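Visitor: I would like to go through this model with you. Could we begin with one of the helices?

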Amino acid sequence: MTSSKWITILVTALVGIALGLAYGWVIAPVQYTDVPPNILREDYRADYVLMVAEAYQNEQSPEIAARRLAIFGSETPAQIVTLTLDYATNNNFTQNEILLLQGLLTAMQTYQPQGNDTP
Amino acid sequence: MRRFPINWILFLTLALAAGFGLGLAYSWLISPVTYVNANPALLRADFKDQYRIVIAASYKASHDLARARARLELLSDTDPIGELSAQAQRMTGAGELFEDTQPLAQLASDLQQGVANTAIINTNTPTASVSFVSTPFAAIGITPVRETPLAEETITTEFSEPTVIPTLSFEQTPLAPQQLFFTATPRPTSTSIPAITMPFTLIGQDPVCDIGLSPGLMQFILMDSRRNQAAGIEIIATWSGGEDHFFTGFKPELGDGYADFIMQADTVYSIRVVEGGSFVPNISAPTCTDENGANYLGGLLLTFQQP
């Protein structure tokens, strides 16, 4: 075959790759189920942390609150609440909700998991 | 000369198919769409369970039934109340503490009745209604699927259809900033409903001879003064060899005020309803006779009601 025909085949293959990518990314992307909480959208994360804060105000158990926040993965509970507090402040959460989050943040900043001897 | 074009078309088709396959493999296996901004409906089952626990714990603190309902809708469960009850039963079966399962059962019961149980109300935590309006994603290249987040959820006292479409928004770019607007919708006021403190009185003690039921099944129905079934009421059965605690409301398909317990033959039980201190001594399983004249261990139905 001549080089022009090879080029034609190559271009056709590239078109096929482009179609495959379009199909796999846009038309029929991988469908995820059973996702972990760390990819929840920011407002859902904030609402979850707010629920933890509401429950904490009633239960006054830092351990339970920390365990509930642990579903977000590698961040510490205090970091999670700090991020949520920033989000709440920037998004017009009510004063009461911010106070709840601040209470939870204080608890998480001073919380020491049982059996942890590190300062 | 005639075969050459056919081969040529074949070459091109193969090249196209191979390219398509490579593209598909890359987009599905090597670099699939990265999901961000997932909604709670897509969470793994155990995380959904945790989500429900936190919703129930939050509800226990705020007694904001509408908000708890809106939050549950985010999980897109077909039957949110049934899921709550089933989870409470699973947790009870797994030996978890009543303190952990009771909020779930209570929330399920309150959702079913449409009224917040204010028996353990906490009036110091007024919360504002939240309406989220999120800006559309600035997706590049991929148009996000329609998504209505907590978004513009008008919290009503009716159980409305979920407004959240359980679809994913996905994009391969960082989160676009979202704007949230909060409207200070007045909270439902704390309607004063008397706490369940009146003693339950035994108003019925009926033998149940049903060969289809478990032998020695003691069934309880607890109702408040308005004849509404009462969930979350602790009952203690004691006998010479031991004691067992159980609660109403863990089998909502049989009624919020339903509980049951298996009696042994030739054992005398005393029943105490913890709420209000009602006490019923000398309870034992009756002997029933089937149509062939054979005896079998029957059951009992005890009905309690608050005056």
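Guide: This is a predicted model. In it, α2(A) has 18 residues and reaches 25 Å from its first C-alpha to its last, close to the 26 Å expected at 1.5 Å a residue.

Visitor: How many of the 18 residues of α2(A) are buried?

Guide: The helix is mostly covered, with 14 of its 18 residues counted as buried.

Visitor: What about the nonpolar core: how many residues has the largest one?

Guide: The largest nonpolar core has 73 residues. Those with the most contacts inside it are A:Val49, A:Val52, A:Leu101, A:Leu104 and B:Val54.

Visitor: Which helix gives the most to this core?

Guide: That is α2(A), with ten residues. As general background, nonpolar side chains tend to be buried together in soluble globular proteins.

Visitor: Let us take A:Val49. Which residues is it in contact with, leaving aside neighbours within four places in sequence?

Guide: A:Val49 is then in contact with A:Leu69, A:Ile80, A:Val81, A:Thr84 and A:Leu101.

Visitor: Changing topic, at what angle do the axes of α3(A) and α5(A) cross?

Guide: The axes of α3(A), residues 62-69, and α5(A) cross at roughly 95 degrees and come within 10 Å. The two helices are therefore roughly perpendicular.

Visitor: Which residues make that contact?

Guide: From α3(A) they are A:Pro62, A:Ala65 and A:Ala66, and from α5(A) they are A:Leu104, A:Ala107 and A:Met108. By class, the residues of this contact divide into six nonpolar, no polar and no charged.

Visitor: Now the two chains. How many residues of each are in contact?

Guide: In chain A, 46 residues are in contact with 52 residues of chain B. On the chain A side, α1 (3-27), α2 (42-59) and α5 (95-110) each supply at least two residues.

Visitor: Which helix gives the most to that side of chain A?

Guide: α1(A) gives the most, with 15 residues.

Visitor: And how does that side divide by class?

Guide: The side of chain A that touches chain B has 26 nonpolar, eleven polar and nine charged residues.

Visitor: Finally, chain B itself. How many helices and strands are there?

Guide: Chain B has five helices and ten strands. Of its 307 residues, 33% count as buried. Among contacts in chain B between residues at least 6 apart in sequence, 69% join residues at least 24 apart.

Methods
Residues numbered from 1 in each chain as written. Chains lettered and ligands numbered in written order. Predicted model: local features only at pLDDT ≥ 70, side-chain atom pairs only at ≥ 80, totals over all residues. Contact = placed C-beta atoms within 7 Å. Helix = DSSP H or I, 4+ residues; strand = E, 2+ residues; numbered from the N terminus. Nonpolar A, V, L, I, M, F, W, Y, C, P; charged D, E, K, R; others polar. Core = buried A, V, L, I, M, F, W, Y, C linked by C-beta atoms within 7 Å. Buried ≥ 20, exposed ≤ 12 C-beta atoms within 10 Å, placed from the backbone. Axes fitted to C-alpha atoms, helices over the stretch in contact; angles between N-to-C directions. Parallel < 35°, antiparallel > 145°, perpendicular 65-115°, else oblique. Expected span 1.5 Å × (residues − 1).
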